[in-house]
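Trainee: I am new to this structure and would like a close look at a single part of it. Could you walk me through that part and then show me how the rest is laid out?

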Amino acid sequence: MDITHNAQNIAPFFKMLQWILHVITSSIKLFMPLLPILRFPDPRLKTVASPVEKVDDSIRRLARDMAETMYEAPGIGLAATQVDVHKRVIVIDASETRDQLLVLINPELLERSGAQVCEEGCLSVPGIYDKVERSERVVVRYLDPAGKTQTIDANGVLAVCLQHEIEHLDGKVFVEHLSLLKQMRIKAKLAKQARITA
Ligand SMILES: [Zn+2]
């Protein structure tokens, strides 16, 4: 039996293998555990999250599910509070290439300086964008998924994102930076949206 003959015999087998792999990967995608996101003004968004005592597999699984939920939404940040888990865990990917995932456990703002005004949105407040003033630069200490202490020095969009997500862990949503009149309008708009989709 020569090599060419052999390759011809193997070809249909590879095609089938490819098809099986395709079916498996699409089913995994289909059954990806996307977490439901709480919507403002759900009172559960006001819960102050507790620190993670031990970075174990359950925390790593939570972070993985949160990251998948954030990428799928799509969003650039998600706090555990938003998926009704009141532990101090956030995931962020503010990169344009969507391949710079940051998982921050027990994040703490050590330093802040400067000021910037950025248009913000939130997966818990769909379709609403408004300007919020935040610090231009922040230094945040946190634990990574391996339980190691890390520090990040960020500015620009990443700094905004860090401040926005850490606020979620303290029970605050970005629209609370806006005037009461704007907040009332947003609540009315979201209530209308909820009625339409219900
Ligand atoms: Zn948010």
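Mentor: Let's start with Ala 191, which sits in helix 4, covering residues 180-197. Helices here are DSSP runs of H or I with at least four residues, strands are runs of E with at least two, and both are numbered from the N terminus. This is a predicted model, where local features need pLDDT of at least 70 and side-chain atom pairs count only at pLDDT 80 or more, while totals for chains, interfaces and linings use all residues. Residues are numbered from 1 along each chain as its sequence is written.

Is Ala 191 buried or exposed? Ala 191 counts as exposed because it has 12 C-beta neighbours inside 10 Å. The cut-offs, with C-beta atoms placed from the backbone, are 20 or more other C-beta atoms within 10 Å for buried, 12 or fewer for exposed, and partly exposed in between. Across the protein chain, buried residues make up 26% of the 198 residues. Ala 191 also lies 9.4 Å from Phe 40, C-alpha to C-alpha, although 151 residues separate the two in sequence.

Now for the wider layout. The protein chain has 4 helices and 7 strands, in the order α-α-β-β-β-β-β-β-β-α-α. Strands pair if DSSP finds at least two bridges between them. Strand 6 (residues 137-143) runs antiparallel to strand 3 (residues 102-113), with 6 bridges joining them; Arg 112 has Val 138 of strand 6 as its bridge partner. Strand 6 also pairs with strand 7 (residues 149-155), again antiparallel, over 7 bridges. There, Val 139 is partnered by Asp 153 in strand 7.
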